[in-house]
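The focus is on a single interface.

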Amino acid sequence: MSDSSNASQAGPVESAGHPAAQNLERALMASGHERPEGDVCPICFDLIELPMCKHSKTNVCCMKSLCNGCLLVARQRGIHSRCPFCRTPFPADDPSTLAMIQKRVSKGDAVANSFLGEQYFHGFLGLAKDLPRANELLTEAAELGSLDAHYQLGNAHYFDKGIEEDKLRGIHHWQEAAMKGHVLSRNVLGFVEYQNGNYKLALQHWMISAKMGYERSLNNIKEMFKRGQATKEQHAEALLGYRDAVEEMKSPQREEAKRLGI
């Protein structure tokens with residue numbers, strides 16, 4: 001298989017039969033069925049296809065994620081060296097890029113904090129790899145509301161990626177993001193439940209993320225069906241929901257961008 005504050009306080013530390021754990025489970029399954037506002041392209045106002053890193057680009061001038069279809073249209077209209085959304089000239093090099101990001105960080109931009117945290121985590125843009133600084137920025141981004149930061153912190157803590165290993169804290173972060181519609185966090189929670197043998201909960205998580213248009217979750221359900229862990233009806237429901245979600249995210253411009261390899 002591929003991989004609110006009250007809920008945060010309850011967390012996964014309680015046993016499955018504990019009332020707090022049951023309340024958290026209900027909250028997880030009842031919320032986060034709609035993707036967040038940040039997943040919408042600010043130009044065409046349509047949800048960006050998943051995974052977003054493949055179908056969009058985040059411009060550091062405004063920290064907006066623009067879908068490939070709108071980027072293609074901008075190029076066709078002669079907009080090459082400026083951001084199609086805010087019209088700011090693109091930075092010429094890594095120092096200029098960092099300056100733009102840090103300007104947004106200084107204004108308390110959650111996306112910018114998360115973005116800069118990732119640069120420190122990997123040592124990109126000419127920065128020395130600095131995991132404590134990355135953790136600091138990602139934590140601040142999560143506090144400011146960045147769901148991507150919650151997801152990255154979840155990965156770092158759960159999978160022991162250079163930040164203190166703390167699987168419960170990692171799950172906390174994924175739960176926070178999933179309840180607000182973060183698809184990758186929802187999918188990885190399904191992975192955790194599946195690894196723990198909680199197939200019913202894993203299926204529930206993956207049903208939600210598959211219906212939001214995430215192919216990896218759909219494939220996980222398909223594997224569960226093959227193994228007799230999901231019914232034919234459940235697989236069909238997930239497939240129909242996935243197809244509906246994907247269809248809503250399509251546009252002629254996005255299809256042309258795919259054809260051109262943008």
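The C-alpha centres of domain 1 and domain 2 are 21 Å apart. Eight residues of domain 1 and ten residues of domain 2 form the contact. The model is predicted.

**Layout of the chain**
- The protein chain splits into domain 1 (36-90), domain 2 (92-170) and domain 3 (181-246).

**Buried area between domain 1 and domain 2**
- The two domains bury about 710 Å² between them.
- Carbon and sulfur atoms account for 78% of that area.
- On the domain 1 side, the most area is lost to domain 2 by Val60, Cys61 and Met63.
- Together, Val60, Cys61 and Met63 make up 67% of what the domain 1 side buries.

- The side of domain 1 that touches domain 2 has seven nonpolar residues, one polar residue and no charged residues.

**Annotated region**
- An unreviewed UniProt entry places the feature "domain: RING-type" at residues 41-87.
- Residues 41-87 are 28% helix and 17% strand in the model.
- The end C-alpha atoms of residues 41-87 lie 16 Å apart.

Definitions and conventions
Residues are numbered from 1 along each chain as its sequence is written. This is a predicted model: local features need pLDDT of at least 70, side-chain atom pairs count only at pLDDT 80 or more; totals for chains, interfaces and linings use all residues. Side-chain values use heavy atoms; hydrogens and water are left out. Domain bounds come from an automatic or database domain assignment. Contact means heavy atoms within 4.5 Å. Buried area is the accessible area (1.4 Å probe) that two parts lose on being put together, summed over both. Ala, Val, Leu, Ile, Met, Phe, Trp, Tyr, Cys and Pro count as nonpolar, Asp, Glu, Lys and Arg as charged, and the others, Gly among them, as polar. UniProt positions are given in the numbering used here, feature names are shortened, and annotations may be inferred rather than shown by experiment. Helices (H or I, at least four residues) and strands (E, at least two) are DSSP runs, numbered from the N terminus.
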